[in-house]
Structures are given as structure tokens and as C-alpha cells.
Amino acid sequence: MSRNSFDPGIWQGRDDGDGREHRRWHQQVQLTMAGDGLRGRDGGVALVGFASDEGVRRNGGRPGAAAGPDALREALAPLALHTDLPIFDAGTVVVEGEDLEAGHEAVGGLVAELLDAHDLVVVLGGGHETAWGSYLGRTRADRLQDARVGVLNLDAHFDLREAERATSGTPFLQMATTDAEAGRIFDYTIIGIAEPSNTAALFDKADELGVSYVLDIDCGASHLGEVLNVVDDLLTRVDVVHLSIDLDVLPAAVAPGVSAPAACGVPVEVIEAVCRQVAASGKLALLDVVELCPPMDVDSRTARTAARLVTTCVHARPTT
Ligand SMILES: N=CN[C@@H](CCC(=O)O)C(=O)O
Ligand SMILES: [Mn+2]
Ligand SMILES: [Mn+2]
């Protein structure tokens, strides 16, 4: 079982006036519920939450990610918004108990509908099992049926684990397996891999699947040009990007509120530049922001960083 929850009261913050020069997220967001006729059909950005701890729990991590969607909304609400794009909030799919599979089905159905109605769908996780729900949605969306999709994961981890059930560590192997069965190309790039956080078996799996990856130590500010070249290569060979931001790719100082904080991490400036480049290409259709664990956060530092990255992705979108 899963249910959709709405908390309209979360969209509030400082209010400097009604004009577009004063605009903040909380003044632009419209609530919308799939299937009830309220949802806009005019492009723009749609947000949907996936309140799930179950993948992290199954993966032996630190629980708390189910509180991620609302913590992200709270961090987004007061931020200045420099775009006229309409922004819709389709609520949060809540995983009940251990029934992650029902949650995946529910969020997958909603993401498919939202992708067909809007230009960009942002899924607010949840552990990284969120990405499997996003994948179910994009493989069911009518408008993406013939698209060449590239998956770009900003993450310290491959998340290519073999397991009997979905966890936060399995979504990209699930995608690889399902794409192979469907005769689709699995085009997977990862930025920020931490060598000590991934076993040799995971590196072998990545090589076997032809995954393209950059180690965290090769993602410092002095390597920005090379990192952006990797992203550019991806952008030239696909029509659409599914960008997955696992917040544990960031240094623990800016992202302490995750299940597995990074000892090294990729500087936030580099991650921001990657987000800007992908969004500016006009090919970003689906964005996951995952692994935010509010109980472990410090002064909402991780939520604020995550909200900054989402805002960058929205601001950098071409408006025409
Ligand atoms: N989504 C997280 N995946 C990591 C977690 C690592 C950890 O908890 O230390 C993984 O399974 O490798
Ligand atoms: Mn991950
Ligand atoms: Mn990770």
C-alpha cells in the first residue's frame, strides 16, 4: 500500500510583495493532483515526493530519508525564483511499512503522468530506491517512448548491487537489467565515485555494463573542465537526461544529512556546474534528489544545498 499526501502549508516563507521582482518559490508553486483535473497541461516543472526509508533500511543504512520530501520543500519555499516557468506540486507518495514495491508502482504511475504533462519532473526522495520509481515513470511516459535517454548519477556509489529485492543500492542494476530485457540501451554515467566506498565487485559490474564514471578525486575544482567534458559527451549522444543527485556525492561538511556522509566528496561548485550544464541543454526531463536524511542534518545544511541545486536546474532551463 501507499498513499499520496499533501501539505499545502509547507509552501510559505518571506514575502516581499506580489511582483515578479519579489518572487520566491512559495509564491510560484501551484498544488496539483494527478487525475483530478487540477494539474496544469502547459509544461513547466512538476514536483513529486517519494517518502521512502525502506530501500535504505533494506540496504543497512541510516533511516530518515522518508522525511526528505517535506524538508526539501521547506528549504525551497523561501528561495528567490528567477523564472516565469510554472511550478506544480503533485504531493508525496508515501511508502507504507515495508511495501516499497507498491510505493514504486504508485510513484511510477504518477511520474509517467507528470512527464507527459510537464517539461521537467523533479522527484524529491527518499533513499536512492527513488530512482527506480522515476525509471518506471519515464519508461511509461508516452512522450519518452522513442527518446534516447542518458542516466547521469551524481553519487559516491555505483548503486549496481545484486539483491533479491530493490534497495537504495540496486536501482541502476535494476535499470540495466530491465533495459536489456526490453532491448533498450542503458547509458549510465556517474560522477563522484569514492573508491573506498565501492568494492571491486561493483567496479567489475560497472565495467561489464560499460558504465562511464569519474572518481571523486578527479572531480575537484581544478578538474571542472574535464568533468564538464564527460557531461558534454553524454549530452551529445542522448535526447533526454535522467539526472539523479545522490546528496552523498557532496562533502560531509555541506551534506551531513545523508545515510552515508562522504569523507572526500565532490565540491558543491562542481556539482552545481554539472547541474547547470545539463539543465541549460534543454534535455533535462527527469531529476531525482535523493538520500536527504533530515534527522541527521545539521541546521538544514543538506536540505539547503539540495534546494540550491534544484533551483539551479530550474533557473538554467531554456525558457523557450
Ligand atoms: N544508496 C546508497 N548506496 C550505497 C550505500 C553505502 C553505505 O551505506 O555505506 C551502497 O549500497 O553502496
Ligand atoms: Mn546512491
Ligand atoms: Mn550514494
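This is a predicted model: local features need pLDDT of at least 70, side-chain atom pairs count only at pLDDT 80 or more; totals for chains, interfaces and linings use all residues.
**Entry 1: His-157**

I began with what His-157 touches: leaving out residues up to four places away in sequence, I found Gly-169, Ser-197, Asn-198 and Asp-246. Contact here means that the C-beta atoms of two residues, placed from the backbone, lie within 7 Å. Residues are numbered from 1 along each chain as its sequence is written, while chains are lettered from A and ligands numbered from 1 in the order in which they are written.

I then placed His-157 in the loop between β6 (149–154) and α6 (171–182). The element names follow DSSP runs numbered from the N terminus, with helices being H or I of at least four residues and strands E of at least two. His-157 counts as buried because it has 25 C-beta neighbours inside 10 Å. The scale I used: buried is 20 or more other C-beta atoms within 10 Å of the residue's own, exposed is 12 or fewer, partly exposed is in between, and C-beta atoms are placed from the backbone.

**Entry 2: the annotated sites**

I checked the UniProt record next, an unreviewed entry, and its "binding site" list has Asp-155, His-157, Asp-246 and Asp-248. They span 94 residues in sequence, but no two of their C-alpha atoms are more than 8.7 Å apart, so they gather at one spot. A further "binding site" annotation in the unreviewed entry covers His-128, Asp-155, Asp-159 and Asp-246. These residues are spread over 119 residues of sequence and still cluster in space, with 10.3 Å as the largest C-alpha distance. I keep in mind that such annotations may be inferred rather than shown by experiment, that feature names are shortened, and that positions are given in the numbering used here.

I looked up Asp-246 and found it in strand β9 (residues 240–246). Asp-246 is buried, since 30 other C-beta atoms lie within 10 Å. Beyond four places in sequence, the contacts of Asp-246 include His-128, Asp-155 and His-157, along with Val-290 and Glu-291.

Asp-159 sits in the loop between β6 and α6. With 29 other C-beta atoms within 10 Å, Asp-159 is buried too. Its contacts beyond four places in sequence are His-128, Gly-169, Thr-170, Pro-171 and Phe-172.

**Entry 3: ligand 1**

Which residues surround ligand 1? I listed Asn-59, Gly-61, His-128, His-157, Asp-159, Arg-161, Ser-168, Gly-169, Ser-259 and Ala-260. A residue makes the list if its C-beta atom, placed from the backbone, lies within 6 Å of the molecule. By class, I noted one nonpolar, seven polar and two charged residues in this shell. The classes are Ala, Val, Leu, Ile, Met, Phe, Trp, Tyr, Cys and Pro as nonpolar, Asp, Glu, Lys and Arg as charged, and the others, Gly among them, as polar.

**Entry 4: Ser-5**

I finished with Ser-5, found in strand β1 (residues 2–5). Ser-5 counts as partly exposed because it has 13 C-beta neighbours inside 10 Å. Not counting residues up to four places away in sequence, Ser-5 touches Gly-91, Thr-92 and Val-94. I also checked Ser-5 against Ala-71: they are 66 residues apart along the chain, and their C-alpha atoms are separated by 14 Å.
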